[in-house]
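Colleague: I have a model open and want to check the labels put on it. Take me through them, with the cut-offs.

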Amino acid sequence: MTTASGLDLLVQRTTTEAVGVLGLHLVHPDGELLPEWQPGAHIDVTLPSGRIRQYSLCSNPTDRTHYRIGVLREEHGRGGSLEVHNTHLTGTTMRVSAPRNRFPLVPADRYLFIAGGIGITPILAMLGDVTAPWQLIYGGRSLDTMAFRQEIADLQGGTTTLVPQDIDGLLDLEEIVGHADNDTAIYCCGPDGLLQAVEQHCAARLPPGALHLERFGAPPNSPPQNSANCEDSAFEVELARTGVTLSVPPDKTVLETVLERAPQLDYSCEEGYCGTCETRVLAGVPLHRDTVLDDAERDSGNTMMICVSRSKTPKITLDL
(Lines give C-alpha, C1' and ligand atoms only; values in the text may rest on other atoms or scores of the structure.)
Protein backbone atom coordinates (compact mmCIF):
# COMPACT_ATOMS: atom_id res chain seq x y z
CA MET A 1 0.00 0.00 0.00
CA THR A 2 1.43 3.35 -0.98
CA THR A 3 1.21 6.68 0.75
CA ALA A 4 -1.14 9.24 -0.76
CA SER A 5 0.33 12.64 -1.56
CA GLY A 6 -1.29 15.72 -0.06
CA LEU A 7 -1.45 17.44 3.31
CA ASP A 8 -0.78 16.28 6.85
CA LEU A 9 -3.98 17.29 8.66
CA LEU A 10 -4.73 17.28 12.36
CA VAL A 11 -7.67 15.31 13.72
CA GLN A 12 -9.18 18.14 15.74
CA ARG A 13 -11.95 16.02 17.23
CA THR A 14 -14.14 13.00 16.64
CA THR A 15 -17.92 12.93 17.06
CA THR A 16 -20.47 10.15 17.28
CA GLU A 17 -22.89 10.90 14.44
CA ALA A 18 -25.03 7.76 14.89
CA VAL A 19 -24.68 4.22 16.18
CA GLY A 20 -21.65 2.88 14.33
CA VAL A 21 -20.82 6.16 12.58
CA LEU A 22 -17.84 8.25 13.68
CA GLY A 23 -17.23 11.77 12.38
CA LEU A 24 -13.66 13.06 12.00
CA HIS A 25 -12.97 16.80 11.88
CA LEU A 26 -9.69 17.53 10.10
CA VAL A 27 -7.87 20.89 10.20
CA HIS A 28 -4.55 22.29 9.04
CA PRO A 29 -2.07 22.18 11.95
CA ASP A 30 -1.15 25.84 11.33
CA GLY A 31 -4.73 27.02 10.89
CA GLU A 32 -4.40 27.55 7.14
CA LEU A 33 -7.39 27.23 4.83
CA LEU A 34 -7.80 23.85 3.19
CA PRO A 35 -8.03 23.26 -0.58
CA GLU A 36 -11.36 24.08 -2.21
CA TRP A 37 -13.81 21.31 -3.03
CA GLN A 38 -17.26 20.82 -4.48
CA PRO A 39 -20.13 18.62 -3.22
CA GLY A 40 -19.58 14.98 -4.11
CA ALA A 41 -15.81 15.14 -3.58
CA HIS A 42 -13.86 12.64 -1.52
CA ILE A 43 -10.37 12.49 -0.03
CA ASP A 44 -7.86 9.66 0.31
CA VAL A 45 -6.88 9.27 3.96
CA THR A 46 -3.74 7.41 5.00
CA LEU A 47 -4.50 5.70 8.31
CA PRO A 48 -1.83 5.12 10.99
CA SER A 49 -1.34 1.55 9.69
CA GLY A 50 -0.55 2.84 6.20
CA ARG A 51 -3.91 1.73 4.78
CA ILE A 52 -5.42 4.22 2.33
CA ARG A 53 -9.18 4.66 2.39
CA GLN A 54 -11.54 7.00 0.55
CA TYR A 55 -14.10 9.05 2.46
CA SER A 56 -16.65 11.52 1.11
CA LEU A 57 -16.48 15.05 2.44
CA CYS A 58 -19.69 15.88 4.30
CA SER A 59 -18.95 19.31 5.70
CA ASN A 60 -19.87 22.70 4.19
CA PRO A 61 -17.85 23.33 0.99
CA THR A 62 -17.77 27.06 1.72
CA ASP A 63 -16.10 26.50 5.10
CA ARG A 64 -12.46 25.76 4.30
CA THR A 65 -11.31 25.81 7.92
CA HIS A 66 -11.93 22.06 8.22
CA TYR A 67 -12.93 18.87 6.45
CA ARG A 68 -15.42 16.43 7.95
CA ILE A 69 -15.80 12.78 7.04
CA GLY A 70 -18.11 10.09 8.38
CA VAL A 71 -16.83 6.54 8.88
CA LEU A 72 -19.14 3.57 9.26
CA ARG A 73 -17.89 0.77 11.48
CA GLU A 74 -17.78 -2.39 9.36
CA GLU A 75 -17.00 -5.50 11.35
CA HIS A 76 -16.37 -7.59 8.24
CA GLY A 77 -14.73 -4.98 6.01
CA ARG A 78 -11.09 -4.67 4.98
CA GLY A 79 -9.98 -3.30 8.36
CA GLY A 80 -9.87 0.43 7.71
CA SER A 81 -13.10 1.37 9.47
CA LEU A 82 -12.25 -0.74 12.52
CA GLU A 83 -8.90 1.00 12.73
CA VAL A 84 -10.61 4.40 12.69
CA HIS A 85 -13.14 3.39 15.35
CA ASN A 86 -10.68 1.56 17.60
CA THR A 87 -7.81 4.08 17.49
CA HIS A 88 -7.68 7.28 19.54
CA LEU A 89 -7.13 9.69 16.65
CA THR A 90 -7.87 13.07 18.25
CA GLY A 91 -4.68 15.13 18.27
CA THR A 92 -2.91 12.96 15.69
CA THR A 93 -2.08 13.90 12.10
CA MET A 94 -2.97 11.93 8.99
CA ARG A 95 -1.91 12.34 5.38
CA VAL A 96 -4.88 13.48 3.29
CA SER A 97 -5.00 13.89 -0.47
CA ALA A 98 -6.43 16.89 -2.27
CA PRO A 99 -10.19 16.46 -2.83
CA ARG A 100 -11.17 14.57 -5.98
CA ASN A 101 -14.67 14.50 -7.40
CA ARG A 102 -16.10 11.57 -9.38
CA PHE A 103 -19.63 12.35 -8.18
CA PRO A 104 -20.19 15.99 -9.21
CA LEU A 105 -23.47 17.83 -8.78
CA VAL A 106 -24.81 18.76 -12.24
CA PRO A 107 -27.32 21.56 -12.95
CA ALA A 108 -30.94 20.37 -13.02
CA ASP A 109 -34.48 21.70 -12.64
CA ARG A 110 -35.03 19.43 -9.64
CA TYR A 111 -33.19 16.74 -7.72
CA LEU A 112 -34.03 13.38 -6.19
CA PHE A 113 -31.47 12.13 -3.68
CA ILE A 114 -31.59 8.51 -2.55
CA ALA A 115 -29.23 7.61 0.29
CA GLY A 116 -28.71 4.28 1.98
CA GLY A 117 -26.88 4.23 5.33
CA ILE A 118 -23.43 5.85 5.17
CA GLY A 119 -24.26 6.84 1.58
CA ILE A 120 -25.72 10.00 3.08
CA THR A 121 -22.21 11.51 3.42
CA PRO A 122 -21.64 12.85 -0.13
CA ILE A 123 -25.32 13.74 -0.47
CA LEU A 124 -25.29 15.81 2.73
CA ALA A 125 -22.90 18.32 1.17
CA MET A 126 -25.08 18.47 -1.94
CA LEU A 127 -28.26 19.24 -0.01
CA GLY A 128 -26.81 22.46 1.34
CA ASP A 129 -25.59 23.55 -2.09
CA VAL A 130 -28.50 23.04 -4.50
CA THR A 131 -30.80 25.94 -5.26
CA ALA A 132 -33.40 23.97 -7.23
CA PRO A 133 -36.18 22.04 -5.44
CA TRP A 134 -35.00 18.72 -4.02
CA GLN A 135 -36.31 15.61 -2.35
CA LEU A 136 -34.28 13.27 -0.14
CA ILE A 137 -35.23 9.67 0.53
CA TYR A 138 -32.92 8.36 3.26
CA GLY A 139 -33.02 4.71 4.28
CA GLY A 140 -31.21 2.95 7.10
CA ARG A 141 -31.42 -0.08 9.34
CA SER A 142 -32.94 1.98 12.17
CA LEU A 143 -33.25 5.65 13.11
CA ASP A 144 -30.38 5.47 15.59
CA THR A 145 -28.01 4.26 12.85
CA MET A 146 -28.89 7.11 10.45
CA ALA A 147 -26.30 9.87 10.72
CA PHE A 148 -26.78 13.65 10.45
CA ARG A 149 -30.57 13.52 10.91
CA GLN A 150 -30.77 16.86 12.74
CA GLU A 151 -28.60 18.65 10.17
CA ILE A 152 -30.84 17.36 7.40
CA ALA A 153 -33.98 18.43 9.26
CA ASP A 154 -32.60 21.98 9.53
CA LEU A 155 -32.03 22.34 5.77
CA GLN A 156 -34.30 24.52 3.66
CA GLY A 157 -35.51 24.19 0.08
CA GLY A 158 -36.52 20.56 -0.05
CA THR A 159 -38.33 17.67 1.57
CA THR A 160 -36.90 14.72 3.48
CA THR A 161 -38.34 11.27 4.07
CA LEU A 162 -36.56 8.97 6.53
CA VAL A 163 -37.20 5.26 6.01
CA PRO A 164 -35.86 3.14 8.90
CA GLN A 165 -36.02 -0.47 7.77
CA ASP A 166 -37.00 -1.85 11.18
CA ILE A 167 -40.16 0.29 11.10
CA ASP A 168 -41.02 0.95 7.45
CA GLY A 169 -39.25 -1.82 5.57
CA LEU A 170 -37.16 -1.36 2.44
CA LEU A 171 -37.35 1.66 0.17
CA ASP A 172 -40.20 1.45 -2.36
CA LEU A 173 -38.01 2.30 -5.33
CA GLU A 174 -40.71 1.68 -7.90
CA GLU A 175 -42.82 4.35 -6.23
CA ILE A 176 -39.87 6.70 -5.58
CA VAL A 177 -38.39 6.59 -9.08
CA GLY A 178 -41.83 6.44 -10.69
CA HIS A 179 -42.53 10.03 -9.63
CA ALA A 180 -39.33 11.42 -11.21
CA ASP A 181 -39.61 13.17 -14.57
CA ASN A 182 -37.07 13.73 -17.33
CA ASP A 183 -35.95 17.05 -15.79
CA THR A 184 -34.96 15.43 -12.49
CA ALA A 185 -31.37 14.54 -11.70
CA ILE A 186 -31.22 11.46 -9.46
CA TYR A 187 -28.28 10.97 -7.11
CA CYS A 188 -27.86 7.70 -5.25
CA CYS A 189 -25.20 6.45 -2.86
CA GLY A 190 -25.27 3.47 -0.55
CA PRO A 191 -24.97 -0.33 -0.53
CA ASP A 192 -24.54 -1.92 -3.93
CA GLY A 193 -27.85 -3.74 -3.70
CA LEU A 194 -29.57 -0.36 -3.48
CA LEU A 195 -27.53 1.02 -6.39
CA GLN A 196 -28.33 -1.93 -8.62
CA ALA A 197 -32.04 -1.68 -7.86
CA VAL A 198 -32.10 2.07 -8.53
CA GLU A 199 -30.23 1.49 -11.81
CA GLN A 200 -32.85 -1.01 -12.94
CA HIS A 201 -35.78 1.25 -12.11
CA CYS A 202 -34.20 4.30 -13.74
CA ALA A 203 -33.22 2.40 -16.91
CA ALA A 204 -36.85 1.45 -17.44
CA ARG A 205 -38.27 4.95 -16.95
CA LEU A 206 -35.74 7.73 -17.44
CA PRO A 207 -33.32 8.87 -20.19
CA PRO A 208 -29.60 8.02 -20.02
CA GLY A 209 -27.66 10.45 -17.85
CA ALA A 210 -30.47 11.08 -15.38
CA LEU A 211 -28.94 8.81 -12.74
CA HIS A 212 -25.68 9.55 -10.92
CA LEU A 213 -24.16 6.89 -8.64
CA GLU A 214 -21.26 6.56 -6.27
CA ARG A 215 -20.06 3.17 -5.06
CA PHE A 216 -18.21 2.45 -1.83
CA GLY A 217 -17.12 -1.00 -2.94
CA ALA A 218 -16.98 -3.45 -5.80
CA PRO A 219 -20.35 -4.94 -6.87
CA PRO A 220 -21.18 -8.15 -4.99
CA ASN A 221 -20.63 -11.47 -6.75
CA SER A 222 -18.24 -9.82 -9.20
CA PRO A 223 -15.09 -11.75 -10.10
CA PRO A 224 -11.82 -10.74 -8.41
CA GLN A 225 -10.79 -7.76 -10.51
CA ASN A 226 -7.29 -7.41 -9.20
CA SER A 227 -6.14 -10.59 -10.93
CA ALA A 228 -5.89 -11.19 -14.65
CA ASN A 229 -8.35 -13.47 -16.43
CA CYS A 230 -7.11 -16.69 -17.97
CA GLU A 231 -7.78 -15.42 -21.48
CA ASP A 232 -5.79 -12.22 -20.99
CA SER A 233 -2.75 -11.74 -23.17
CA ALA A 234 0.50 -9.89 -22.56
CA PHE A 235 1.01 -6.33 -23.77
CA GLU A 236 3.48 -3.50 -23.32
CA VAL A 237 3.02 -0.39 -21.22
CA GLU A 238 5.17 2.66 -21.87
CA LEU A 239 5.75 5.12 -19.04
CA ALA A 240 5.89 8.39 -20.96
CA ARG A 241 7.65 10.50 -18.33
CA THR A 242 10.64 8.17 -18.13
CA GLY A 243 10.52 6.49 -21.52
CA VAL A 244 10.58 3.05 -19.90
CA THR A 245 8.58 0.28 -21.57
CA LEU A 246 7.47 -2.71 -19.50
CA SER A 247 5.83 -6.00 -20.42
CA VAL A 248 2.56 -6.79 -18.62
CA PRO A 249 2.19 -10.59 -18.50
CA PRO A 250 -1.24 -12.28 -18.54
CA ASP A 251 -1.09 -13.03 -14.83
CA LYS A 252 -0.26 -9.50 -13.65
CA THR A 253 -2.11 -6.19 -13.66
CA VAL A 254 -0.74 -2.93 -15.02
CA LEU A 255 -0.51 -1.65 -11.45
CA GLU A 256 1.52 -4.62 -10.25
CA THR A 257 3.87 -4.27 -13.19
CA VAL A 258 4.37 -0.52 -12.88
CA LEU A 259 4.88 -0.69 -9.11
CA GLU A 260 8.09 -2.63 -9.71
CA ARG A 261 9.54 0.55 -11.29
CA ALA A 262 7.47 3.23 -9.54
CA PRO A 263 6.63 2.06 -6.00
CA GLN A 264 5.48 5.55 -5.00
CA LEU A 265 2.24 5.31 -7.02
CA ASP A 266 -0.99 5.95 -5.13
CA TYR A 267 -3.52 3.10 -5.11
CA SER A 268 -6.00 1.60 -2.69
CA CYS A 269 -8.89 -0.75 -3.50
CA GLU A 270 -7.22 -2.78 -6.30
CA GLU A 271 -10.74 -3.67 -7.44
CA GLY A 272 -11.54 -0.76 -9.76
CA TYR A 273 -14.05 1.21 -7.71
CA CYS A 274 -12.17 3.88 -5.73
CA GLY A 275 -10.46 5.81 -8.55
CA THR A 276 -7.19 6.35 -6.68
CA CYS A 277 -5.05 4.79 -9.41
CA GLU A 278 -6.74 6.62 -12.32
CA THR A 279 -4.07 7.34 -14.94
CA ARG A 280 -4.14 9.35 -18.16
CA VAL A 281 -3.76 7.36 -21.38
CA LEU A 282 -1.60 9.02 -24.05
CA ALA A 283 -1.72 6.29 -26.71
CA GLY A 284 -3.34 2.89 -27.13
CA VAL A 285 -6.84 1.66 -26.33
CA PRO A 286 -7.75 0.65 -22.76
CA LEU A 287 -9.77 -2.43 -21.91
CA HIS A 288 -11.90 -1.03 -19.10
CA ARG A 289 -12.87 -3.21 -16.15
CA ASP A 290 -13.58 -0.59 -13.49
CA THR A 291 -16.87 0.60 -12.00
CA VAL A 292 -15.82 4.27 -11.83
CA LEU A 293 -15.89 5.65 -15.38
CA ASP A 294 -19.11 6.41 -17.21
CA ASP A 295 -19.76 5.41 -20.82
CA ALA A 296 -18.50 8.69 -22.27
CA GLU A 297 -15.25 8.48 -20.31
CA ARG A 298 -14.74 4.89 -21.40
CA ASP A 299 -15.40 5.76 -25.04
CA SER A 300 -12.90 8.62 -24.95
CA GLY A 301 -10.10 6.26 -23.92
CA ASN A 302 -8.32 9.14 -22.19
CA THR A 303 -8.01 7.54 -18.77
CA MET A 304 -8.01 4.14 -17.06
CA MET A 305 -7.87 2.47 -13.65
CA ILE A 306 -4.60 0.59 -13.86
CA CYS A 307 -5.44 -1.75 -10.98
CA VAL A 308 -7.95 -3.69 -13.09
CA SER A 309 -8.01 -2.39 -16.67
CA ARG A 310 -5.74 -3.69 -19.42
CA SER A 311 -5.01 -2.85 -23.06
CA LYS A 312 -6.84 -3.79 -26.24
CA THR A 313 -3.78 -2.81 -28.24
CA PRO A 314 -0.32 -4.45 -28.16
CA LYS A 315 1.04 -1.32 -26.45
CA ILE A 316 -0.43 1.40 -24.29
CA THR A 317 1.29 4.62 -23.21
CA LEU A 318 0.51 6.12 -19.83
CA ASP A 319 1.23 9.53 -18.32
CA LEU A 320 3.58 8.08 -15.72
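Colleague: Why is F148 called buried?

Modeller: Its relative accessibility is 3%. Buried means under 20% relative accessible area, exposed over 50%, and partly exposed in between, with a 1.4 Å probe and protein chains only. So F148 counts as buried. One caution: this is a predicted model, where local features need pLDDT of at least 70, side-chain atom pairs count only at pLDDT 80 or more, and totals for chains, interfaces and linings use all residues. Residues are numbered from 1 along each chain as its sequence is written, and side-chain values use heavy atoms, with hydrogens and water left out.

Colleague: Where is E270, and is it buried or partly exposed?

Modeller: E270 is in the loop between α7 (254-259) and β14 (278-283). Its relative accessible area is 27%, so it is partly exposed. E270 also has a positive phi, near 60°, and is a residue other than glycine.

Colleague: How do you know that Y138 is buried?

Modeller: The relative accessible area of Y138 is 0%, so the label buried applies. Y138 lies in strand β8 (residues 134-140). It touches A115, G117, I120, M146, A147, I152, T161, L162 and V163, not counting residues up to four places away in sequence. Contact means heavy atoms within 4.5 Å. The C-alpha atoms of Y138 and V163 are separated by 6.0 Å, though the two are 25 residues apart along the chain.

Colleague: What makes helix α2 largely enclosed?

Modeller: In α2 (residues 120-127), 8 of the 8 residues are buried, so the rest of the structure largely encloses it. Among them are I120, P122 and L127.

Colleague: Which residues make the nonpolar surface patch?

Modeller: L143, L162 and I167, with about 250 Å². Patch residues have over 30% relative accessible area and no salt bridge; like charges are joined within 9 Å, nonpolar side chains (Val, Leu, Ile, Met, Phe, Trp, Tyr) within 5 Å. A salt bridge is a side-chain nitrogen of Lys or Arg within 4 Å of a carboxyl oxygen of Asp or Glu. Areas come from the Shrake-Rupley method with a 1.4 Å probe, and for residues only the protein chains shown count as cover. L162 is in strand β9 (residues 158-164). At 31% relative accessible area, L162 is partly exposed.

Colleague: How do you know that H212 is buried?

Modeller: Its relative accessible area is 18%, so H212 is buried. H212 is in strand β11 (residues 211-214). Its contacts include F103, V106 and Y187.

Colleague: Why are β4 and β5 at the edges?

Modeller: An open sheet of 6 strands has the order β4-β3-β6-β1-β2-β5, with antiparallel pairing. β4 (52-56) and β5 (67-72) each have a single partner strand, so one side of each is left without a neighbour in the sheet. Two strands pair if DSSP finds at least two bridges between them. Strand β3 (residues 42-46) is joined to β4 by 5 bridges. D44 has Q54 in β4 as its bridge partner.

How values were computed:
Helices (H or I, at least four residues) and strands (E, at least two) are DSSP runs, numbered from the N terminus.
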